[in-house]
Every structure is written in structure tokens, then in C-alpha cells.
Protein chains: 2
Amino acid sequence: MKILVLSWGDFERWKEIRYRFGDETSVGPSTLPILQKAIKPDWTVIVLPDTLGRDFESLEALREDVRNRLMGFLDRIGAGREVDAIIVPGIGEFPHGTFRGGAMDTYHYTLYRLAQVLPIEGPLEVHFDSTHGLNYITLLTYRALKELLGIAAMTNRVTFTAYNSDPFVPGITRELTINVIEKSEVKQSPLNEALPSSRKGYLGNFALPGREYGSVIKSMEKIGEVTRGAGKLNAWIASVIYGLPLVFGAYYPDGRLLEEALDEVLSAYSENIRVSEKRIERALSLGDGFGVLVKLLYQRKVLKMGGLPKEEFSLEELGEIAERFFKGRIRESTKTELHRLTSSVKVNTNGWIRYSEFLKMMGKNPNPQVDPRNFLAHAGLEANLIEVKREGELYVRYTGEKVLYGGTPAEPEKVITAVLSKAMGVT
Amino acid sequence: MKILVLSWGDFERWKEIRYRFGDETSVGPSTLPILQKAIKPDWTVIVLPDTLGRDFESLEALREDVRNRLMGFLDRIGAGREVDAIIVPGIGEFPHGTFRGGAMDTYHYTLYRLAQVLPIEGPLEVHFDSTHGLNYITLLTYRALKELLGIAAMTNRVTFTAYNSDPFVPGITRELTINVIEKSEVKQSPLNEALPSSRKGYLGNFALPGREYGSVIKSMEKIGEVTRGAGKLNAWIASVIYGLPLVFGAYYPDGRLLEEALDEVLSAYSENIRVSEKRIERALSLGDGFGVLVKLLYQRKVLKMGGLPKEEFSLEELGEIAERFFKGRIRESTKTELHRLTSSVKVNTNGWIRYSEFLKMMGKNPNPQVDPRNFLAHAGLEANLIEVKREGELYVRYTGEKVLYGGTPAEPEKVITAVLSKAMGVT
């Protein structure tokens, strides 16, 4: 699928000019028609700030104003209609109005909307035009796009090409060439950030009185669920980075909770945008946790697998996880670990048995404690933490019994989440 | 160390304005003084295009003109003097002159110069201001900076903060707030691109007659050396990604060759910039291979280790490579592989012996062929490819004898480079 993403500023002020792109030329106020003609994208996405809006009746009216004028402009320049407009929160003081709020809202909101329009499967060819964009929106759109594409590349081939035209100089410019300024194959880059454990990490305070902010935070039930489950969600994020198939399968996130949590943050955020005569004030701001949630949900969609989460896995199922979602050294050494486990448990076990017990029965001498380094080295299949069962086929699951960790007995889930939080550098 | 990087455009046209940053305010044409005051950087780097130059006497004169006017401007605004100016090749048609050349030169040249000024050790705190930059230079500087910092983060803690002021609106703006638009801890991200095997991948042709271009390409001896050794250099790049300590140590790149190759490309590039009355034409363009070379040299400096390359390593030395340069799962499973090898070869061997032979003597049945998956799974310590020697301590090296690969005997170096090229997706 081919997608063309453009960062735009105040399109109504652009001058008619001749654009050249390869052998094509086209006269008009924007690069869009010639890019659409040459690239033939299946879908076009225009990212532009809500600071262009002049209707301060309501937030919807403001966005509708931008959208309507944009659609009128697209009609005038003869652009294709397969277009999504992502109208993002901008800031600044303009003749027509003042826009105040958190400066990182732009990034978080762009990320959220891009994650909705980017496909989650199939080869992806992404084209990005920075010609007409405002500096900060262009930079943040570029960042959001690259982060999501790094996740999409986990399972699909993704290419990225960026364009920028020669600079426009009033009175001088007769023709502007559209230049390719970046052309690359996007490397797989799984999410490598952790969810914050505090609700305030998802929705910050920009201008609300402390008590009001406190009661908004307190009311966010879904985010409460997310923060209570942050240890397991972060362990899942780690399972993709470090190649831990049983953690991947057993801690596979509930997509609906992630979606509801995102909706909850966005509702509270929107409800606290004050619209008045020539003024928008966003009293709350989207936090880093919101961004991690967006990427986590997108990654879950890209790494989709039916029937998860569940507790018990055949070795074949774990092998499938490694084969589909892990790469290079991590994939091969995970498959070697699975192979070792299969060769180690050769006889039927007559039900579940802790693997460390099994090893002792075989005359081996496993570490009586969970060692974090062992946990990582063996793809999460640490002998104290897993139970095995062979009934013809071999099955494995994490134990429900306490294990020794740092000298004291502890719940296995606590041990796994602690080991992986530490590996990810979460404090 | 704290570094402040700014992307700048035509600084002589900026208006006096009041900037606010946190609790500080400062009046002037630029964000620099207030950022320097608040951040207190050890070093400041300003990236700006040579298209600002008006002296077309020579390339040096053009750059000197930009530099002198910049230094005069910095004096006037009272900026600190610990400043590097990176004057990068820009393109466009302006009243004072026309600048033509490859649009990706900006990125490659910025990358090259940033790699010279960024430190290679110690914690790094990088601040990036996009307020005053041209769209494409800002975007490409951001990309170059992030790529190098991902490499620096392999051994050091690196944080990154980006700033952009509110938009300036003539006639309206009284004060502009400088906003934080990104704040993150940079994750380790080793170089994940391969060197091209063709010389033309390092220096492209923009406007030279084919024969002249051909003779420039033919004259590049150092690049010839690089392309002939590209298989081994790419294997070293792969060794960092996949955690292969013996490949890392045995194929450690010759830093001087990399430096000389970069100098050679830059000389040919500069010699083919035609300077005439109000016109600059860069007849050659810096290629992707140049960018990979820059990052490779920077990575070699960040992952510096004395006495490399060499052929024979004690297991302790390989463990040190894993401990210092690999992370997470890859580090732990590499150490497990080293441990397995140590436990496997318990007795003195009376000289070097192929490890596959040793295993057969121990009654085992190793794969008679090199299997690429095995090579990755065992951290590059594949039984047919390595020789072991125990004289008290255990030593290991790659064999010089042919090995079976894909059914035919082949040179071990060819096998290793073929396996790793394939893993990296090099075609």
C-alpha cells in the first residue's frame, strides 16, 4: 500500500508556482497534485494545525472550519479525494485568535491519528512531503511516523521517502524542484518505552486548578486499570525486544482495554479545552504514557495472533511466536532454547511439574533462585518459573507457585515483571 | 557533557523579539542567548546552509563569508564563544545566487560534521532547537543527530530535548515562549545499514559528463579498499546487532582506512564543486555509502577496544566484549554460549583443534555443514568455523581451513560474510 503524508501550514496563503518533480511539471499553489500524479498513492494524509481555524463557536466548529476550507482548497487545486485531514492541536498567538496548551500535544495527537490511518499489514510504501509544513509540526509528524513505521516493519517491508522542494523566494522563484531528501528501508524497531505507573503520566496538567485536575485523574478508571497492569504490559513490551515467547503469549495485552484507556484520556483532554472568543486553551495535556499506549496498541495490532493471552502453550506454538515476530539472533537463539527444552523432557510427565524439579529428578543441579540473567539468556524459560507437561507433545506454562528471588519467596508474576522492568531500565 | 545544537536559516533577517524560556526572558533576534543561559551547554553547534554566502570567489570564500557574518552576529547578540558553525551544502535560487547539487548532500555532510563534534564517551545531554531552521535542514539535522546519538547510547547515557518557539507573526507577536517539543532518553541503536559494494554508492553523479565521473570513481583507491573489504566491514556491523563477539574482535575495522576513505570522497566532492559568478554547482553528490562510512567510523570510536583486530581470543576476552558492548537478551545469551563452550572443552587440547572435530572425539554428532541459523544461535561460535585450544585457559579463533557450506567447501571468511550479509538483508 502506498501512503502519501504531507505536513501543511496555512495553505490559503501559498502562491501559484511551477513545481517540477522528475520529468513532470505542474502549476499551482501546492506540491500535492504533482506528487499524487507521480506517486499514485492509495491514500493521502494531510497533517495541519487547528490554529488555522477561525470559528470559535466550539472545538468541533473550529476543526470543521479548517476541514471545510481544506476541502475547498483541495477541490480548487484538483487533488484526489482519498484524503484524510489530521487536524492537530497547535499553539501560538495569531491575528484571528490565540491557542494555548501543552507543546507536546501536537506529537501525541499526531501519533494517535497516524496509528489509526496506517495499515497494520502488507508491504508499505510511505512518502512524506515536508515542503509546506511548520517547523515543529513537520518535525513531530516525522518522528511519529518513523516510530510507527519501525513497528510496522516488524512484520512487513516498509520503505520511506521524504521530499522537500527548493526554497520559495518571493519575486525570484519561477520554478521549484521537489527533491528527494531521504530514501530508506525502515528497519524493524519495536516499542522500547515503558508505560508510566502513575495516572498523571498519561494526562498532564497545563492550566487546571490542582483540585480539579486531581478529580479528573481520580475519575479515569480505565487508566487506573492500565497503571495497575503496567508491570505486565511492560513485560509484554520487553518480550518483543528480548525475544521471550512465553511472556509474549501469556501477557498478550487486551486490545479493548488499551482502546478504552486511550478514549478515556482523549475525552478528558477534549472536555478540558476551553473555547472562547478568539481563544482556545487546552487546560490538560497529553502525556508520555498516552504516546506509549498508542504505540503499544499499534504494535499489538501489527503482532496480531489469535487466541491470546492464554496460560499453556505447546512448544510448537512458542516456536511459531519466535518465527513470526522475532528476528535474527534473537529468533535463532530462542528456537535453540525451545529445542533444548524439547530434548530435555523426553518422557511423559504424568501432569504438570516444575521444570527445576524435573531437572533435579534427572540428576541435574539447577539454580534454586531465579537469576535475571538466566531468565533473559533462556528466552524467559527459566527453570524455577516454568512448569512442563509432556503428554506426547510438550507443553509449558509459568508456575502459579511462589519462587525464590533475591533470597525470598515471591509471586512468579512479580518476579517476571521485576526482572523485565529492570532490564528495560524502568525505575 | 551538554551540547546545544541549533538549526538556523538567514539569521540577518530575524526580528528583535522577547523570548520566554521557563522563568527567564530575553530580548533579541534569536533564541540562542536565553538557551545558553538556561542550559549552560559545554558546547554549541549551529547548523546553517552555505546558500547564505554571497562571496563567489571560491568555495572557501563563500563559507568564510557565512562564518564571518555569523561570528559578527553572535558577537552582537552576546552569545557565548564555544560555538562550532557547521556550514552545510544547501540548494535553491536566491537573489544573490543559485546553488545546485544533490539534495541529500545536506544530510550526509551534516552527519559527517556532527560525528566530528559529538563526544564518543561520557554521559551526553543534547539539546536541539528547531526554531530558526529551514524545514529540510532542520529535518535532516534531526535525523543525523538522532542516528549518531543512538550509537553513542551503546555505551553512554544519552538524553535528548528538542525546543521550538511559538510561531512568529509579524505585527502581532510581543513575546514568544520557547517550548519543549520532545524530551526523551535515547535508546541504544547500533548502525543497521550495510556498506554498498560499488564505488558509485559513495559518490554519485549529479552533473558530470559520464566519462569524467568514471575517471573520478576509478581514481578512488581508498574507497576501492573499502568496497573490497565491504563483506568483512558489514560482518562487523552485524556483529554488534546480533551479538557475535569473535566476529566483533576478529573483524574490528581499521579506523585509519575509514578516515582516509571519507577524506577521499570529500576531496573528490569538493574538487567538483564549480564556483562561478553568483552560482555554485556541485557536480558530484555524497552517496548513501558515505553516510554509512561516517556512522561506522563513529560506532568504531564509541565501541573502542585496544589491540583489535586480532585472530585468537581467550574466552575471557570474548566475555569482556559481550559485557561491554552487548545488551539485554543478546548479552546474556552470548555469555551463556561462552559458558557452554568453556564447560565443553575441559581438558588441555595439545594445540588448536577444529571444534567440530573435538565434538566428534567426545562422541557427539555436530552438523557437518555451517548452518546460518546455528551460526546466529551460537553467537557466531559455530562448530565447523571455530578452532579451540586449551592450555589452562581456553582460546578460540576462526579456522583458516575450508568449511562445508551449502554442500560445497568454501573459505571460512566467505561463509561468515555470506551468512551475515543475508541476515542483514544485503542483496
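Which side chain meets that of Arg69(A) in a salt bridge? In this predicted model, where local features need pLDDT of at least 70, side-chain atom pairs count only at pLDDT 80 or more, and totals for chains, interfaces and linings use all residues, the partner is Glu12(A), with 3.0 Å from N to O. Residues are numbered from 1 along each chain as its sequence is written, chains are lettered from A and ligands numbered from 1 in the order in which they are written, and side-chain values use heavy atoms, with hydrogens and water left out.

A salt bridge is taken as a side-chain nitrogen of Lys or Arg within 4 Å of a carboxyl oxygen of Asp or Glu. Over all chains, the structure holds 72 salt bridges. The pair of Arg69(A) and Glu12(A) joins helix α2 (residues 59-77) of chain A to the loop between β1 (2-7) and β2 (17-21), across 57 residues; helices (H or I, at least four residues) and strands (E, at least two) are DSSP runs, numbered from the N terminus. Arg69(A) is buried, at a relative accessible area of 15%, whereas Glu12(A) is partly exposed at 33% (buried, under 20% relative accessible area; exposed, over 50%; partly exposed, in between; 1.4 Å probe, protein chains only).

A salt bridge is also found between Lys222(A) and Glu260(A), at 3.1 Å from N to O. Lys222(A) lies in helix α6 (residues 221-228) and Glu260(A) in helix α9 (residues 255-271) of chain A, 38 residues apart. Lys222(A) is partly exposed, with a relative accessible area of 27%, and Glu260(A) is partly exposed at 26%.

In chain B, Glu387(B) and Arg397(B) form a salt bridge at 2.8 Å, N to O. Because Glu387(B) lies in strand β17 (residues 386-391) and Arg397(B) in strand β18 (residues 393-398), the pair ties together parts 10 residues apart in sequence. Glu387(B) is buried, with a relative accessible area of 8%.

Contact (heavy atoms within 4.5 Å) between the chains takes 52 residues from chain A and 52 residues from chain B. The rule finds 12 salt bridges across this interface. One of the pairs between the chains is Glu332(B) with Arg373(A), whose closest N and O atoms are 3.7 Å apart. On the side of chain A that touches chain B, α12(A) gives the largest share, 10 residues. A network of salt bridges links Arg143(A), Glu147(A), Glu193(A), Lys295(A), Lys146(B) and Glu182(B).
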